[in-house]
Amino acid sequence: MTAGTTQPLKPLSLKKDGDGLRIEWNDGTTTFAPFRALRKSCPCASCTEDVGKPIDPFRVLSAQEAAAGAPVPVGMKPVGFYAYQITWNDGHDTGIYPLELLRSLGENVSPR
Amino acid sequence: MPGQKLELPGVKYIIAVASGKGGVGKSTVAANLALALHMHGQRVGLMDADIYGPSVPMMFGLGLVDQTKTPFPIEKFGLSLMSMGFLVDPNQAIIWRGPKVAQAVGSFLGQINWGELDFLIIDLPPGTGDAQLTLSQAAPLTGALIVTQPAEVSLIDARKGVRMFEEVRVPILGIIENMSYLVATDGSKHTPFGSGGGKKLASEIGVPFLGEIPIDQMVSTCGDSGEPIVRKYPEHAVSKAYTELAATMLREVPKLTAAGLPAVDLG
């Protein structure tokens, strides 16, 4: 009843591993995506707009942003059947990461 | 709305009736399918997610109600109904930006006590915008039915609807071709919008073609008079097409498994 015949890409488990996210996929692959890379590639509208712009030297960080340090997710919830929404320790939470993006941001670390 | 995944534990299957194109008969299909499923002994709800242009009240002989005295959903012909048309005067335009639409759709799903249902049919507005995205993100959709006319101009947008559901990984149950043909009084069959479009789309995207529903003046007459054709004239050829569609749904929908995503272990 569903479109296509091949099994769509799906994570089987997602786990924090040091400073990144380890994901086991249904095709047998395991990927590791550093949190820094995930935060930098936030697909939300405001982060996407900021890409390519020069850094504003006068932007004042919020207290939460200043205290945050290295990016770490404090929450990560499924969105429908196709994505995860990450809440970061700097308070940013508008990025919805489709599964394909999570896959592409991770390095293949599958056990041989 | 994203992240606020709504739980509808009493509802077995949530089916979105969609099309990219407006005016192809989504609301008519949704209303008649809901009634046909009810006639098969199912407990059915019908949620009208077309916030700007709700059709459910007229099709069920209802209108604006006193919100302070009326419990929602409203019961009619054995169905549980919810629509923006119960809340806003039909002569008043709803001039809202997207986030308000998303909020209203979310409220209909999450704040209405739908109770125990076998099917909740959601009549979507045309397009691939806020209502569709909210439902895809927040509702545990079992699948989507795509309604199209045979004409290429309708197929162009239906393809976009299909693409959207594929992107958000909602299973497509199949394609229903509405307004496929009309039968003249002399028995001759005419296809004013062309023929074969629905089948073509279904085979193109690899989903089942669920059938053709003919054009018949009785369909709109019944809808406009507040009693959909399936209930008013159950022996009519159009009603039989819907009864068959409902039987197909009853057979195929339970085979779909919800592709829920695992929780994340953040330690």
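The contact between the two chains takes 24 residues from chain A and 28 residues from chain B. Contact here means C-beta atoms, placed from the backbone, within 7 Å. On chain A, the elements giving two or more residues to the side that touches chain B are strand 1 (11–17), strand 4 (73–79) and strand 5 (83–88). Strand 1 of chain A gives the largest share, six residues. By type, that side of chain A divides into 14 nonpolar, six polar and four charged. Nonpolar covers Ala, Val, Leu, Ile, Met, Phe, Trp, Tyr, Cys and Pro; charged is Asp, Glu, Lys and Arg; the others, Gly among them, are polar.

A word on the source. This is a predicted model, where local features need pLDDT of at least 70, side-chain atom pairs count only at pLDDT 80 or more, and totals for chains, interfaces and linings use all residues. Residues are numbered from 1 along each chain as its sequence is written, while chains are lettered from A and ligands numbered from 1 in the order in which they are written.

Now the sheet. Helices (H or I, at least four residues) and strands (E, at least two) are DSSP runs, numbered from the N terminus. Strands pair if DSSP finds at least two bridges between them. What is the order of the open sheet of five strands? It runs 7(A)-3(A)-2(A)-1(A)-11(B), with mixed pairing. The edge strands are strand 7 (107–108) of chain A and strand 11 of chain B, each pairing on one side only.

Start at the chain B end. Strand 11 of chain B (residues 264–265) pairs with strand 1 of chain A in the parallel sense, over two bridges. There, A:Leu14 stands opposite B:Val264.

Next, strand 1 and strand 2 of chain A. They run antiparallel, joined by six bridges. A:Lys15 has A:Arg22 as its bridge partner. The two strands form a hairpin with two residues between them, and A:Gly18 in the turn has a positive phi of about 65°.

Strand 2 (residues 20–25) and strand 3 (residues 30–34) of chain A are also antiparallel, with five bridges. A:Glu24 stands opposite A:Thr30.

Last, a helix pair in chain B. Helix 1 (residues 26–39) and helix 9 (residues 237–252) of chain B pack at about 70°, with axes 8 Å apart. Axes are lines fitted to C-alpha atoms over the stretch in contact, and angles run from 0 to 180 degrees between N-to-C directions. These two helices are therefore roughly perpendicular, a class that spans 65 to 115 degrees.

Conventions
Angles under 35 degrees count as roughly parallel, over 145 as roughly antiparallel, 65 to 115 as roughly perpendicular and the rest as oblique.
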